Amino acid sequence: MKATIRFHLLAVLMLAAAHAGAGEVIGNTYVGERFGYIEMTSVDGKWDITDREKEAKNDFAGMIAKFKLKEAVSGWKPDVNIMGFKKIEGAVTVDFVMNTMRTEWTGQGGEVDQIETGRIAGKKIFFYDKRLTPQGIPMKGRDIYLEGEKGIFIVAVIAKTPAYPQVLQLLEELVATAKY
């Protein structure tokens with residue numbers, strides 16, 4: 001019951017129609033403040049960066065940026081999508097967001113591993129691997145959760161399984177640049 005109420009709260013927050021500003025791409029760096037401060041840099045310009053904050057319909061949750069790999073890895077050019085959620089004490093927490101996203105993924109036929117904690121560039125992260133087989137093509141991905149003072153950020157990637165080890169290295173390199 002509590003999870004259902006929280007899920008509906010998150011859905012309402014994502015659909016609320018308040019106008020807000022957008023992030024900014026400065027050279028090889030994305031800077032956003034809509035859901036809390038986040039900055040991420042494309043190391044050596046490996047990624048094309050698209051601001052997605054301007055597409056958000058509210059100030060509580062939504063897509064904030066897309067990083068598209070310029071050079072293919074094993075024939076695959078993955079996207080790293082970054083979502084942001086404004087923290088709301090007692091309602092929108094990192095545990096709530098992780099569990100909601102995991103439920104959504106498995107509801108679409110995907111599988112998820114256990115939530116783990118780790119460190120990238122000395123900062124604590126939460127993460128799990130996920131799998132999906134759309135149209136018979138095995139895919140593997142990772143969601144990394146960054147908890148800032150005012151926001152929770154999900155840095156997510158999915159790739160064809162053969163490309164995943166290299167894509168994971170590039171994802172971790174990207175996340176290591178994060179300031180939040």
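View 1. Read along the sequence, the elements follow the pattern α-β-β-β-β-β-β-α-β-β-β-β-β-α. In total, the chain has 3 helices and 11 strands; these are DSSP runs numbered from the N terminus, with helices (H or I) of at least four residues and strands (E) of at least two. The model is predicted, and local features need pLDDT of at least 70, side-chain atom pairs count only at pLDDT 80 or more, and totals for chains, interfaces and linings use all residues. Residues are numbered from 1 along each chain as its sequence is written, and side-chain values use heavy atoms, with hydrogens and water left out.

View 2. Of the 180 residues, 44% count as buried (under 20% relative accessible area, with exposed over 50% and partly exposed in between; 1.4 Å probe, protein chains only). Contacts are heavy atoms within 4.5 Å. Among the contacts with a separation of 6 or more, 50% come from residues 24 or more positions apart. The accessible surface of the chain is about 9,200 Å², and carbon and sulfur atoms hold 53% of it (Shrake-Rupley method, 1.4 Å probe; for residues, only the protein chains shown count as cover).

**View 3. The open sheet of β1, β2 and β3.** This open sheet of 3 strands has the order β1-β2-β3 and antiparallel pairing, where two strands pair if DSSP finds at least two bridges between them. Its edge strands, β1 (24-26) and β3 (38-41), each pair on one side only. Strand β1 is joined to β2 (residues 29-32) by 3 bridges, and Ile26 has Thr29 in β2 as its bridge partner.

**View 4. The aromatic pair of Tyr128 and Tyr145.** Rings of Phe, Tyr and Trp (its six-membered ring) pair if their centres lie within 6.5 Å; planes under 30 degrees apart count as stacked, over 60 as edge-to-face and the rest as tilted. By this rule, the count is 1 aromatic pair. Tyr128 and Tyr145 form a tilted pair, with 5.8 Å from centre to centre and 35° between the planes. The pair links distant parts of the chain, with Tyr128 in strand β9 (residues 123-132) and Tyr145 in strand β10 (residues 139-147), 17 residues apart. Both Tyr128 and Tyr145 are buried.

**View 5. Charged ends over aromatic rings.** A charge sits over a ring if NZ of Lys or CZ of Arg is within 6 Å of the ring centre and within 35 degrees of the ring normal. The charged end of Arg102 lies over the ring of Tyr128, 4.9 Å from its centre. Likewise, the charged end of Lys130 sits over the ring of Trp105, 4.4 Å from the ring centre.
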